[in-house]
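This report covers aromatic and charged side chains in one structure. The sequence and model are shown first.

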Amino acid sequence: MSVSFLVSVGVGWLLAGAPARVDRIVPCTPDTPDWIAARDALSALDQQLEALPDDGDVAPVRTAMASLLGLRCFAIARQEETRPPVAWDDETDVSALALKVWWRVGGEDFFASHLELGAPGRHNIVIPPDLREVLTREHSPKHRLADLLCPANAGACGVETEPWLLRAERVFQSENPRRSGLSRDKLTPPLDCMAVAQKKPSRLRYVAWRGCLGGIQGPRTFQSVLPLGRIRAPMDGWLVVRGRRGHYSFCDQLDAYHLGTGTAYRSSSCSKLVLKSRGDVDGAATDATRQGEVKVGRLAADRLRELTWMLLLAPEVRDNVQVATQHVPVPKGLSIEWPTKGGWTEGGVLGGAVGGDSGQTVLSWTWFPQGNMEPFSGTWTFPWSWAVGEDHADILLEEAESAFVEECPALALPSRLLDFTREPGVNHLDAPSGVAGVQDARVEALRSWRPSPGCAPGKDGG
């Protein structure tokens, strides 16, 4: 039975059987038969979720939650919250892992708070967190990262990535200095929800206030997050990064890094933009001053692995996610009631910050895992990005490359892999003739590189 049908049945029963006014829904009085039934049903659902395995079947829990929402004491709850899993239908795909995290972080508090709204005194309303996306072997079998996904009951799978996840989550927080400096996600100031409510008739004020709190323009706190679940750490193979670094002074680069040993091959062609009298780039003059170079050596392997992990997951980062429960006191004089007809619709226009910077370029990356696994590839913006996952990859790339040590490489470069990578291109204003020829020359420079006397790289690392 769908939630929408249960809600209809519940509201119909309320209108037909409530002894008080039938044009509004009010909280249950504590210790009444309805309140006791709701309390017991909530306790039973809590025990059911506690016993649910992370990879378990959510159908019985969905049925139990739908039944809970059909009770009179949760009539306001089903009106207040329109996000999953409070509001869902039979088509919504929810994993047990996501549902359990939602319940533990704030879902249970959301339901429990509605059993306190009918008691005397001041009250707090609870805004539950968003239901998180999930990447697990069971839930995402056709995902592009399916070969790397851990099961929901991950055990030791991917445990080595937990420090990387914690670091990424700190970077994603809005108060992070780098994020603040880039002025990402500039939205209009939050609405004064009580001011919004006071413009409404008295019977609609709580509805307007509560709707404002839960809306995107209300005071909810958002951040960027990775999906729940782990992937296996990229521990071996080669990571190839291609593209231009810099703007007026720049290097067109092709870099190949071995994740197992930290072996590094760096092929670059550096120059400065030569401008004509009208300010456009003189491509021929710019190319005439190029200086090509190949360096070989070593980077810290663990930093390369973390970088590759972030590149794999950067497209999965979601912005504007409420990850924590928020408790908000009900303003004095505001009557907690929900009319059975009419309500409040969120309005207004979101502000935002979009655009780019001439100092930004696009890099391409390809990771060739060891063995028969298909390579992974993508692009990202350098040296900073509005997309927090990409921006964190920029930090990790700079940290990894800052520790470069020039020395005899531990492994020979499997140069055949370079044929399966592509340069991402450069803004035509900066490179009127393109950079395909320059990048081809960087490939050939790596292929023709020979070790110095006494240096004997190990066998092919591919």
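## Arginines over rings

In this predicted model, Arg62 lies over the face of Trp88, 4.1 Å from the ring centre. A second case is Arg266, which sits over the face of Phe404 at 5.6 Å from the ring centre.

## A buried arginine

Arg78 belongs to helix H4, residues 75-80. Arg78 is buried but has no salt bridge, and Asp34, the nearest side chain of opposite charge, is 11 Å away. A polar atom of the Arg78 side chain does lie 2.2 Å from the backbone oxygen of Leu69.

## Aromatic pairs

How many aromatic pairs does a search of the whole structure find? The search finds 11. Phe74 and Phe111 form an edge-to-face pair, with 5.5 Å between centres and 85° between planes. This pair links distant parts of the chain, 37 residues apart: Phe74 is in the loop between helix H3 (59-69) and H4, and Phe111 is in helix H5 (residues 96-113). Phe74 counts as buried because its relative accessibility is 0%, and Phe111 is likewise buried at 0%.

Trp238 and Tyr265 form a tilted pair, 6.1 Å centre to centre with 50° between the planes. Trp238 is in strand S4 (residues 238-246) and Tyr265 in strand S6 (residues 263-272), 27 residues apart. Trp238 is buried at 1% relative accessibility, and Tyr265 is buried at 3%.

## Aromatic cluster

One aromatic cluster is formed by Phe74, Trp102, Trp103, Phe110 and Phe111.

Methods. Residues are numbered from 1 along each chain as its sequence is written. This is a predicted model: local features need pLDDT of at least 70, side-chain atom pairs count only at pLDDT 80 or more; totals for chains, interfaces and linings use all residues. Side-chain values use heavy atoms; hydrogens and water are left out. Helices (H or I, at least four residues) and strands (E, at least two) are DSSP runs, numbered from the N terminus. Buried means under 20% relative accessible area, exposed over 50%, partly exposed in between (1.4 Å probe, protein chains only). Lys and Arg count as positive and Asp and Glu as negative; His and the chain ends are not counted. A salt bridge is a side-chain nitrogen of Lys or Arg within 4 Å of a carboxyl oxygen of Asp or Glu. A polar contact is a pair of N or O atoms within 3.5 Å; within protein, one must be able to donate a hydrogen and the other to accept it, and residues adjacent in sequence count only if both atoms are side-chain atoms. Rings of Phe, Tyr and Trp (its six-membered ring) pair if their centres lie within 6.5 Å; planes under 30 degrees apart count as stacked, over 60 as edge-to-face and the rest as tilted. A charge sits over a ring if NZ of Lys or CZ of Arg is within 6 Å of the ring centre and within 35 degrees of the ring normal.
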